[in-house]
Amino acid sequence: MATLAGAFGFSRDQERQADQIGLALMRQAGYDTHEAPKVWDNLRLELAAVHGGDPSLRNPLFASHPG
């Protein structure tokens, strides 16, 4: 997945826009948008446990996605 994510090379502005759309859709569906960052936190923790260290330093998915 990381290789695939890095191959597309979306800009930070495109990633930010996608996040805004995703949050709007979550809100419309009745979800608490404050819970969204937990997905990324959990993914980072899982990658760190499996591969050791901070995944944002070597994973293109995190390198291209705004904090």
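Q: What pLDDT does the chain average?
A: This is a predicted model, where local features need pLDDT of at least 70, side-chain atom pairs count only at pLDDT 80 or more, and totals for chains, interfaces and linings use all residues. Residues are numbered from 1 along each chain as its sequence is written, and side-chain values use heavy atoms, leaving out hydrogens and water. The pLDDT is the predictor's confidence in each residue, from 0 to 100. Here 69% of the residues score at least 70, and the chain averages a pLDDT of 79.

Q: Which element of the chain has the lowest mean pLDDT?
A: Helices (H or I, at least four residues) and strands (E, at least two) are DSSP runs, numbered from the N terminus. The chain has 4 helices and 0 strands. Helix α2 (residues 12–28) has the highest mean pLDDT, 91, while the lowest, 55, belongs to helix α1 (residues 2–8).

Q: How far does helix α3 reach from its first C-alpha to its last?
A: The expected span of a helix is 1.5 Å times one less than its number of residues. Helix α3 covers residues 36–51, which is 16 residues, with 22 Å expected. Its reach is close to that, at 24 Å.

Q: Which residues does alanine 36 touch, not counting residues up to four places away in sequence?
A: Alanine 36 lies in helix α3. Counting contact as heavy atoms within 4.5 Å, alanine 36 touches Leu23 and Met26.
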